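Keep your viewer open beside this text and follow the stops in order, selecting each part by name as it comes up. At every stop, look first and read second.

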Amino acid sequence: MNRQNRLLSLYSTLLDALGPSHWWPGESPFEVAVGAILTQNTNWANVERAIAALRRAGAMTPAAMRELSPEALAGLIRPAGTFRVKAARLGHFLDFLAREAGGAADLADASLRFLAGRELSELRPRLLAVKGVGPETADCILLYALNLPSFVVDAYTARIMSRHLFLPEDASYDELQAFFADVLPADPALFGEFHALIVRLGKTWCGRTRAKCETCPLHSLR
DNA sequence: TGCCAGGCCGGGT
DNA sequence: ACCCGGCATGGC
């Protein structure tokens, strides 16, 4: 079986076992992007507390968040962990948005409409140039906030590909991304659902240790 | 009680 | 081009 068929077969197995994902959880493109930064190396349950605090403070638009002092922003996102680092990273992302926006009106709502219609090949390098936005965060923003077909790779992807499809454990981000993107149709809905399924599988069965490996829905595929 | 979670950066080899 | 320590909360 070729790579495309193996990946599509993996995809249907996951979809059958877990059902559709309804991802990324978020009320707006801006909130999705904020969540992508907050979830770096962090449990999503803690990110939700931080997002709730930002909403309560009325800070879930670029303009409103920019009004906060770094200390105030850090205080609101404290439950997400590494909060001083993440407050600075959100600040850099807000600066990026302000540079890309056409005017103040663009920053007043959470739609990020002013980024719609850009080319993926132009936008990705610009996001990667933002301090605190690495490849996974950039791809999450591109895919889930802006609906552009950029395949997202994370720790679960690396583990699952190495354990179930025998890719090298030390495969790089770009290699893993190309493994999917080179053979799958560049469809944001497919990319989004595929990554969501991988994370949901990973949370339950594919942690750093192999404790639950035996009961994984993919175990029979090996 | 440690270990872990949907990474990334900066400084050192 | 890698390798590593730091960042930090809350759950199991």
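Predicted model: local features only at pLDDT ≥ 70, side-chain atom pairs only at ≥ 80, totals over all residues.

Is Leu112 buried or exposed? Leu112 is buried, because 22 other C-beta atoms lie within 10 Å, and a residue needs 20 or more of them to be called buried. You will find Leu112 in the loop between helix H7 (104-107) and H8, and its phi is near 50°, a positive value in a residue that is not glycine.

To see what sets such a value apart, remember that most residues other than glycine have a negative phi, and that most peptide bonds are trans.

Now move to Phe166, in the loop between H10 and helix H11 (173-181), where phi is again positive, at about 65°, although Phe166 is not a glycine.

Next, select Trp23 and Trp24 together and look at the backbone that joins them: the peptide bond from Trp23 to Trp24 is cis, with omega near -5°. Trp24 belongs to the loop between H1 and helix H2 (29-38).

**The two domains and the core**

Colour chain A by its parts, giving one colour to domain 1 (3-22 + 150-221) and another to domain 2 (29-111); the C-alpha centres of these two domains are 29 Å apart. Then select the largest nonpolar core, which has 59 residues, and pick out those with the most contacts inside it, namely Ala33, Ala50, Ile77, Leu90, Phe93 and Ile141. H12 provides the largest share of this core, eight residues, and both domain 1 and domain 2 contribute at least three residues each.

Stay with Ile141 for a moment and ask which residues it is in contact with, once neighbours within four places in sequence are left aside. The contacts of Ile141 are Ala33, Ala36, Leu127 and Leu146.

**Along helix H12**

Select helix H12 (188-205), which has 18 residues and reaches 25 Å from its first C-alpha to its last, close to the 26 Å expected at 1.5 Å a residue. Its buried residues include Phe191, Phe194, His195, Leu201 and Trp205. If you then show the surrounding helices, you can see what the buried residues of H12 pack against: helix H1 (3-18), H9 and H10.

While a helix is on the screen, recall that an α-helix has 3.6 residues a turn, so residues three or four places apart point the same way.

**A stop in helix H6**

Leu94 lies in helix H6 and is buried, because 20 other C-beta atoms lie within 10 Å. Not counting residues up to four places away in sequence, Leu94 touches Pro62, Met65 and Arg66.

**Beside the DNA strands**

Show DNA strand B and select the residues that surround it, of which there are 28, the closest being Gln40, Asn41, Gly134, Thr137 and Ala155. The elements that give two or more residues to this surface are H9, helix H10 (155-164) and helix H12 (188-205), and H9 gives the most, with four residues. By class, the surface near DNA strand B holds eleven nonpolar, twelve polar and five charged residues.

Zoom in on Gly134, in the loop between helix H8 (120-128) and helix H9 (135-145). Gly134 is partly exposed, because 14 other C-beta atoms lie within 10 Å. Computed along the chain, Gly134 and Gln40 are 94 residues apart, and in space they are 9.7 Å apart, C-alpha to C-alpha.Finally, turn to DNA strand C and select the residues around it, among them Asn41, Asn43, Arg78, Phe83 and Arg84. Which helices each supply at least two residues of this surface? They are helix H3 (44-56) and helix H6 (83-100), and the largest share, three residues, comes from H6. By class, the surface near DNA strand C has four nonpolar, six polar and two charged residues.

How values were computed. Residues numbered from 1 in each chain as written. Chains lettered and ligands numbered in written order. Buried ≥ 20, exposed ≤ 12 C-beta atoms within 10 Å, placed from the backbone. Domains from an automatic or database assignment. Near = placed C-beta within 6 Å. Nonpolar A, V, L, I, M, F, W, Y, C, P; charged D, E, K, R; others polar. Core = buried A, V, L, I, M, F, W, Y, C linked by C-beta atoms within 7 Å. Contact = placed C-beta atoms within 7 Å. Expected span 1.5 Å × (residues − 1).
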